[in-house]
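Subject: Handing over a structure

Hi,

Here is the structure I promised to pass on to you. Please open it alongside this message, and then read on for what turned up in it.

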Amino acid sequence: MDDKARPLPTPTSVSRRYWDSVNAEALTIPRCRDCGAVHFYPHALCVSCMSPNLDYIPVSGNGTVYTYTVIRSPQPAFRGMEPYVVANVELDEGVRMMANVITDDPDSVGIGTRVRLVYQPVTPDQKMPQFEKA
Ligand SMILES: [Zn+2]
């Protein structure tokens, strides 16, 4: 892989449903039909009870920054985007996901900042789930 090319997802049989929901701008996450556990990222089996019976539920898109960092010296594929925020966001549904918080003012983001999901096109065929301050 060209180290200057932005890495893109390569959906698998397990993750394709998730990436399709991202590209449809209607993010869904797995929920176990047997124990009710909600989890992220997509797995073939429930991470709580190992059941293969998973549904995908829509998310509200609302969350809170659990922790974060500001990237000021990025890897080659992300040069030109700096400074930017990479955050571990806890969705209101209770799972955490890593994403960027898109902002012109990275120093305005902190632990506890409320955010909302947005879909950022990275190619004509691929979007990425990102966040903006709510
Ligand atoms: Zn389960």
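Helices (H or I, at least four residues) and strands (E, at least two) are DSSP runs, numbered from the N terminus. Two strands pair if DSSP finds at least two bridges between them. With that in hand, a hairpin joins β6 to β7 through two residues.

Some ground rules before going further. This is a predicted model, in which local features need pLDDT of at least 70 and side-chain atom pairs count only at pLDDT 80 or more, while totals for chains, interfaces and linings use all residues. Residues are numbered from 1 along each chain as its sequence is written.

The overall picture

The protein chain has one helix and seven strands, and along the sequence they follow the pattern α-β-β-β-β-β-β-β. Its C-alpha trace spans about 45 × 35 × 20 Å along the principal axes. Buried residues make up 16% of the 134 residues; a residue is buried if 20 or more other C-beta atoms lie within 10 Å of its own, exposed if 12 or fewer, and partly exposed in between, with C-beta atoms placed from the backbone.

The domain assignment gives domain 1 (9-58) and domain 2 (60-134); such bounds come from an automatic or database domain assignment. Nine residues from domain 1 and 11 residues from domain 2 take part in the contact between them, where two residues are in contact if their C-beta atoms, placed from the backbone, lie within 7 Å. The C-alpha centres of the two domains lie 21 Å apart.

The barrel

Which strands make up the closed barrel? Five strands do, in the order β3-β4-β5-β7-β6, with mixed pairing. Strand β5 (residues 96-102) then pairs with strand β7 (residues 126-133) in the parallel sense over two bridges, and Ile102 has Glu132 in β7 as its bridge partner. Strand β6 (residues 114-123) is antiparallel to β7, with eight bridges between them, and here Val118 stands opposite Gln130 in β7.

Why does Val85 count as buried? Because 25 other C-beta atoms lie within 10 Å. Leaving aside neighbours within four places in sequence, the contacts of Val85 include Tyr68, Val70, Asn100 and Val101. The C-alpha atoms of Val85 and Ala99 are 8.4 Å apart, although 14 residues separate them along the chain.

Some backbone details

Most residues other than glycine have a negative phi, and most peptide bonds are trans. A few places here are worth a look with that in mind.

- Phe40 and Tyr41 are joined by a cis peptide bond, with omega about 10 degrees; Tyr41 is in the loop between β1 (28-32) and β2 (54-58).
- The peptide bond from Glu82 to Pro83 is also cis, with omega near -5 degrees, and Pro83 lies in the loop between β3 (62-71) and β4.
- Glu25 is not a glycine, yet has a positive phi of about 55 degrees. Glu25 lies in the loop between α1 (16-23) and β1 and is exposed, with 12 other C-beta atoms within 10 Å.
- Met50, not a glycine either, has a positive phi of about 70 degrees. Met50 is found in the loop between β1 and β2.
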